[in-house]
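Welcome! Please take a look at the sequence and the model below, and then we will walk through some of the details together.

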Amino acid sequence: MDVHGFLAQLRRQPFYQDQIVHLEPIARRTARFGALAAPLPAELHASLHAQGIERLFTHQAAAVNAARAGQHLVVVTGTASGKTLCYNLPVLETILERPAERALYLYPTKALAQDQLRALGELGCAVSGRGSGAAGRAATRPLPVRAGVYDGDTPQGQRSKLRQQGQIILTNPDMLHVGILPNHALWASLFRRLRFVVIDEAHTYRGVFGSQVACVLRRLRRVCALYGSEPLFIAASATIANPGQHLSALTGLTPLVIDDDGSPAGPRSFVLWNPPLLGAGRGSVGDRPQQGGRGSVGDRPQQGGRGSVGDRPQQGGRGSVGDRPQQGGRGSVGDRPQQGGRGSVGDRPQQGGRGSVGDRPQQGQQGGLRRSANGEATQLFAALVRNETRTIVFTRARKVAELILRYARAELSKNQDREEQGARGGGAKGKKPPRPGAQPTPADAGSGPGGADYPSRIAAYRAGYTPEQRRQIEADLFSGRLLGVTATNALELGIDVGGLDAALLVGYPGTVASLWQQAGRAGRGSAPSLALLIGLDNPLDQYFMRHPADLFGRPHEHALIDPDNVYVLARHLPCAAAEVPLTNIAAHDRFDDEALFGPGFVPAMVQLEEQGVLNFHGDRWTYNGSDYPAEKVSLRSAGGGRFALLDESRNYRTLEEIEASSAPQRVHPGAVYLHQGESYLVTRYDAGMGFAVARPAEVDYYTTAREWSDVHILHSIRRRAIPGGNAYFGMVRATSQVIGYRRLRHYSEEVLGEELLELPQTTFETAALWWDLAPEIAAACQRRGLDFLGGIHAAEHACIGILPLFAMCDRWDIGGLSTPRHADTDAPQIFIYDGFPGGVGIAERGFEELPALWRAAYEVITACPCEAGCPSCIHSPKCGNNNEPLDKAAARLILGMLLQGS
């Protein structure tokens with residue numbers, strides 16, 4: 001595409017108000033090739049030749065040579081760099097030479113496994129269960145290698161055949177955990193000859209999910225030892241700061257890191273696009289202020305200051321205010337239901353709560369607020385499609401993907417309708433035919449060459465669709481029938497959808513690794529490509545909009561996991577014992593499990609013995625049960641148990657299952673819940689039985705939960721001096737309770753009512769960072785007439801919002817609390833804690849980077865143009881106290897004093 005010509009056209013559009021705040025040119029990269037120590041087998045070389053591959057890039061050759069030498073390895077190169085060949089070539093070479101050998105490929109999603117099965121088919125393998133899509137590009141010379149996908153979608157009739165005959169089994173960690181390892185006797189032929197274990201997209205295994213996958217991989221190694229095999233591990237990953245350390249934490253093995261990327265890439269232009277401040281000039285679709293300002297229905301002044309429904313003093317925290325993290329509910333990678341009703345109709349998946357086209361700000365509240373990022377995305381997506389530019393739009397939530405698709409279709413249809421009316425009326429109202437060979441411009445109307453119907457040439461792609469629907473969308477993208485797709489991060493991974501020209505990112509995706517993965521989906525060979533990042537109204541996005549050099553120059557984050565987490569081990573050691581009895585005595589067919597699972601093994605085993613889950617006999621621990629404990633353990637969260645949502649209109653059939661830990665926030669009585677685009681009203685909630693009942697309901701509002709939270713210090717582990725006191729890292733007990741909810745009208749967010757609730761408390765122990773606030777800080781606030789509590793609350797929000805700069809996490813993984821007098825210290829305190837039992841390293845990373853964290857938060861607050869605070873600096877989308885009280889000036893003063901001498 002003509003990137004610079006397109007950007008010039010954008011600048012001439014009515015909706016353009018200097019949104020382009022930075023343009024980063026990324027130079028073309030030429031290919032570099034490597035040499036193999038020995039040639040590939042003739043039939044494999046012929047398969048590569050049939051695909052037009054004559055030479056291997058440097059990283060591909062290095063990977064094959066290392067695997068041949070028996071080295072565990074991790075390949076860390078960019079998107080579309082050919083990482084798949086780094087493991088397919090050594091695996092296929094080995095099986096061609098020794099057909100009895102086997103390989104197990106692990107992918108984080110079913111879609112990616114299906115896509116990679118197609119890649120094996122293209123190399124000439126005999127594949128079973130191949131889906132639709134890009135099949136049919138198979139090599140002309142077949143290879144005598146059998147491969148197949150074994151997951152929850154595999155028909156029963158194919159499973160036994162795959163177990164017995166499959167030489168390459170493609171699956172996911174969930175199926176390995178719950179279906180393969182507990183039934184290892186059925187897989188004896190695989191485990192006896194298992195030569196390779198491939199871990200693709202290894203960077204996705206982080207946080208609580210990665211910690212649990214690390215336990216599953218250790219369980220896999222134990223079962224392999226039982227059958228006498230010791231497989232070679234080959235991983236492929238996006239660029240992260242600690243690839244070797246990360247794979248070592250995942251597997252317990254030391255890998256070779258291969259990161260010399262020899263693949264070519266065309267030039268890319270990376271645009272930072274910041275929505276304009278409201279009231280800054282020309283309007284955009286849906287940006288219409290409400291008449292009457294704040295006098296809309298439901299806006300009721302609160303008597304006595306902060307006396308909103310449900311406010312109550314914190315236990316042990318007198319006047320403290322907190323932000324509870326999201327727990328559980330983390331289905332497929334990246335698709336996360338959010339706390340406070342973010343699974344409900346009309347909820348705002350974008351941080352800041354202004355999530356869809358048509359958001360209308362209230363007069364008097366516009367200072368610092370920006371136009372809807374989704375409205376901007378709609379305009380840009382429509383312009384790219386009219387320009388015949390093959391585009392992918394990445395959003396951070398499923399609902400936003402659907403909303404942008406809906407509004408982009410409406411926008412494209414408007415132009416198409418005008419064109420058709422003009423054609424019927426003739427004359428000046430009709431569209432002038434384009435010049436021969438001319439590209440349609442963003443201002444051109446809806447249908448392209450040959451009468452192409454633009455609204456029908458875009459689609460959404462997300463978790464929740466059936467496998468058949470996803471395969472069809474992938475095929476339509478690959479063939480070019482679709483011009484654009486809106487997606488969650490499901491398409492961030494290496495699914496082959498052909499060459500795309502532009503990637504549109506609605507909000508910073510949370511990590512630098514994901515940023516470049518998503519941007520890298522655009523780019524066809526040596527052709528130019530475009531990536532646009534639209535800034536959301538939150539501290540992290542706005543920080544990058546103001547500091548582009550920090551975004552493009554910052555190192556990649558560390559992938560954080562904690563395989564020694566006692567809480568995680570307590571869930572997986574019973575699974576391991578049910579598969580093969582545990583022992584701390586190594587032998588030829590068994591590991592020293594204390595050494596294999598790490599320091600958390602002993603305290604977890606003590607706990608499990610006391611609970612009667614495990615029994616000790618001789619030198620071994622066995623599982624004290626007749627069931628499969630793996631069936632009760634979900635890899636996608638650290639919370640225990642499932643919670644059923646039943647459909648009252650369909651004889652109480654199960655509508656959906658969610659994590660029990662997130663149920664009070666998502667399906668409390670009165671909650672509005674969204675399922676496959678339909679809204680449901682929750683009419684009954686039974687915590688004891690683990691279910692809620694809902695009925696279909698057409699409502700014009702969504703709901704947000706109100707929560708009370710408390711933090712109790714258990715013990716500190718590390719301490720560092722700060723101005724006027726100390727900062728600590730240690731363990732805390734976090735308690736929260738849903739105490740009510742609000743009903744807010746779609747788009748306008750008018751408060752239609754507030755209701756009280758009395759739901760059970762939830763409590764868990766986790767890792768936390770907290771710090772002292774010297775008396776001088778409170779005194780300085782008082783002298784200036786500032787609200788000290790509002791200041792520490794705002795500082796807490798800003799620090800939580802900016803912490804993902806330093807840790808590979810999302811703000812929804814983090815909780816916080818701020819109080820002018822904490823019961824455990826009798827002093828002011830700010831807490832930031834991991835949202836998962838036991839912690840996964842987020843708070844610890846914050847402790848290590850504390851002065852830098854304060855400095856970044858201070859810069860965000862100082863640079864924000866708002867007067868009293870907004871979502872770009874100190875508002876939090878998950879604040880249990882509805883962002884009350886907040887004092888921006890006090891927060892700036894507090895952080896400034898903390899930075900003095902740090």
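Where is the place of Pro885? Pro885 sits in the loop between helix 24 (850–863) and helix 25. Helices (H or I, at least four residues) and strands (E, at least two) are DSSP runs, numbered from the N terminus. The peptide bond from Glu884 to Pro885 is cis, and its omega is near -15 degrees.

Before we go on, a word on the source: this is a predicted model, in which local features need pLDDT of at least 70, side-chain atom pairs count only at pLDDT 80 or more, and totals for chains, interfaces and linings use all residues. Residues are numbered from 1 along each chain as its sequence is written, and side-chain values use heavy atoms, with hydrogens and water left out.

**The whole protein**

The protein has 25 helices and 33 strands. Of its 902 residues, 62% count as buried; buried means under 20% relative accessible area, exposed over 50%, and partly exposed in between (1.4 Å probe, protein chains only). Among contacts with a separation of 6 or more, 76% join residues 24 or more positions apart, where contact means heavy atoms within 4.5 Å.

Helix 21 (residues 775–783) and helix 25 (residues 888–899) have axes that come within 10 Å and cross at roughly 145 degrees. Axes are lines fitted to C-alpha atoms, for helices over the stretch in contact, and angles run from 0 to 180 degrees between N-to-C directions. On the helix 21 side, Glu776, Ile777, Ala780 and Cys781 make the contact, and on the helix 25 side Ala890, Leu893, Ile894, Met897 and Leu898 do. By class, this contact has eight nonpolar, no polar and one charged residues. Here Ala, Val, Leu, Ile, Met, Phe, Trp, Tyr, Cys and Pro count as nonpolar, Asp, Glu, Lys and Arg as charged, and the others, Gly among them, as polar.

**A kinked helix**

Helix 17 (residues 566–579) has 14 residues. Where does its kink lie? A kink of about 30 degrees is found at His572, shortly before the proline Pro574. The bend at a residue is the angle between axes fitted to the seven residues ending there and the seven starting there. Helix 17 is mostly covered, with 11 of its 14 residues buried; among them are Val568, Leu569, His572 and Pro574. Its buried residues pack against helix 7 (173–180), helix 9 (207–226), helix 18 (593–597), helix 19 (601–610), strand 21 (614–617) and strand 22 (620–623).

**A buried alanine**

Ala408 belongs to helix 12 (residues 398–425). Why does Ala408 count as buried? Because its relative accessibility is 0%. Not counting residues up to four places away in sequence, Ala408 touches Thr378, Phe381 and Ile458. Ala408 and Ala377 are 31 residues apart in sequence and 8.7 Å apart in space, C-alpha to C-alpha.

Most residues other than glycine have a negative phi, and most peptide bonds are trans.

Glu388 counts as partly exposed because its relative accessibility is 24%. Asn651 is exposed, with a relative accessible area of 70%.

Key
The expected span of a helix is 1.5 Å times one less than its number of residues.
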